[in-house]
Amino acid sequence: MSAAVLSPEASAPVVVGRIGAAYGVRGWLHVHSFMEPGSALLEFSEWLLADSADAPEENWYVADVRQARAHNRGFVAHLAACDDRNRAEELTGLLVALPREVLPPAEEGEYYWCDLLGMRVRNTDGVALGVVQSLMETGANDVLVLRGEGEERLIPFVLEQVVQMVDLDAGEIVVDWAVDWDSDT
């Protein structure tokens, strides 16, 4: 693997998956794809790997994908320079990213999670509810994890029913969510 050389115009890499446990003894790895559909990750012959989405440019490494395929309910991949289980275990937990420029634009009503991070969230009454710290996948729907005034708030990311507006340019999300609702309501 070699250090990534991102052009000065390149935006931060977009995290699209995570390396899981080693698979077998010949350097194969389980891969958890965050893409929709998950198999879209297998279409790329080079991945960027790092231990943090906030890693500086010099900490992202280019991994050449030799082979990748569906396996059970997930995916496995074999990367160049990863020919045994010990090396595969060293990569466990690393994030998989792609340069933003190689990804298709998000369709209407769809968003890359990385674009929602840091956005301010207010309800339809104009009350600030917090800032998006992360998102989580629950199976039923994605959930915005907000931090505001020392508390964490979980709000379902369900367009039209809960999420009324996402304004990427303004960095704001408007939700139909009362201040006194907790996430279990």
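Analyst: Welcome! A patch here is made of residues with over 30% relative accessible area and no salt bridge, where like charges are joined within 9 Å and nonpolar side chains (Val, Leu, Ile, Met, Phe, Trp, Tyr) within 5 Å. A salt bridge is a side-chain nitrogen of Lys or Arg within 4 Å of a carboxyl oxygen of Asp or Glu. The model is predicted, with local features needing pLDDT of at least 70 and side-chain atom pairs counting only at pLDDT 80 or more, while totals for chains, interfaces and linings use all residues. Residues are numbered from 1 along each chain as its sequence is written, and side-chain values use heavy atoms, with hydrogens and water left out.

User: Which residues gather in a patch of negative charge on the surface?
Analyst: Asp and Glu count as negative, Lys and Arg as positive, and His and the chain ends are not counted. Each charge is placed at NZ of Lys, CZ of Arg, CG of Asp or CD of Glu. Accessible areas come from the Shrake-Rupley method with a 1.4 Å probe, and for residues only the protein chains shown count as cover. The negative patch is formed by Glu36, Glu107, Glu110 and Glu137.

User: How far apart are the mean positions of the positive and negative charges?
Analyst: The protein carries 12 positive and 32 negative charges. Their mean positions are separated by 9 Å.

User: How many helices and strands does the protein have?
Analyst: Helices (H or I, at least four residues) and strands (E, at least two) are DSSP runs, numbered from the N terminus. The C-alpha trace spans about 55 × 40 × 30 Å along its principal axes. The secondary structure comes to 2 helices and 13 strands.

User: What percentage of the residues is buried?
Analyst: Buried means under 20% relative accessible area, exposed over 50%, and partly exposed in between (1.4 Å probe, protein chains only). The protein has 185 residues, and the buried share of them is 38%.

User: Is glutamate 107 buried or exposed?
Analyst: This member of the negative patch sits in the loop between strand S7 (95–98) and helix H2 (113–116). Its relative accessible area is 55%, so glutamate 107 counts as exposed.

User: Where do arginine 66 and aspartate 83 lie, and how many residues apart in sequence are they?
Analyst: Their side chains meet in a salt bridge, at 2.7 Å from N to O. Arginine 66 belongs to strand S5 (residues 61–71) and aspartate 83 to the loop between strand S6 (74–79) and helix H1 (85–91), so the bridge links parts whose separation in sequence is 17 residues.

User: What separates glutamate 90 and arginine 87 in helix H1?
Analyst: These two side chains form a salt bridge (2.8 Å, N to O). Glutamate 90 is exposed, at 55%, whereas arginine 87 is partly exposed, at 26%. Because they are 3 residues apart in helix H1, what separates them is about one helical turn.

User: Is glutamate 172 buried or exposed?
Analyst: Glutamate 172 pairs with arginine 122 in a salt bridge, the closest N and O atoms being 3.1 Å apart. Glutamate 172 is in strand S13 (residues 172–175) and arginine 122 in strand S8 (residues 120–123), so the pair ties together parts 50 residues apart in sequence. Arginine 122 is partly exposed at 27%. Glutamate 172, at 17% relative accessibility, is buried.

User: Which residues does aspartate 51 touch?
Analyst: Aspartate 51 lies in the loop between strand S4 (46–50) and S5, and at 62% relative accessibility it counts as exposed. Contact means heavy atoms within 4.5 Å. Leaving out residues up to four places away in sequence, aspartate 51 touches Leu94 and Leu95.

User: Is the peptide bond from glutamate 36 to proline 37 cis or trans?
Analyst: Most residues other than glycine have a negative phi, and most peptide bonds are trans. Proline 37 lies in the loop between strand S3 (28–33) and S4. With omega near 0°, the bond from glutamate 36 to proline 37 is cis.

User: What is the phi of alanine 81?
Analyst: Alanine 81 is in the loop between S6 and H1 and is partly exposed, at 41% relative accessibility. Although alanine 81 is not a glycine, its phi is positive, at about 65°.

User: What value is phi of glutamate 149 near?
Analyst: Glutamate 149 sits in the loop between strand S10 (142–148) and strand S11 (151–156), and at 84% relative accessibility it is exposed. Its phi is positive in a residue other than glycine, near 50°.
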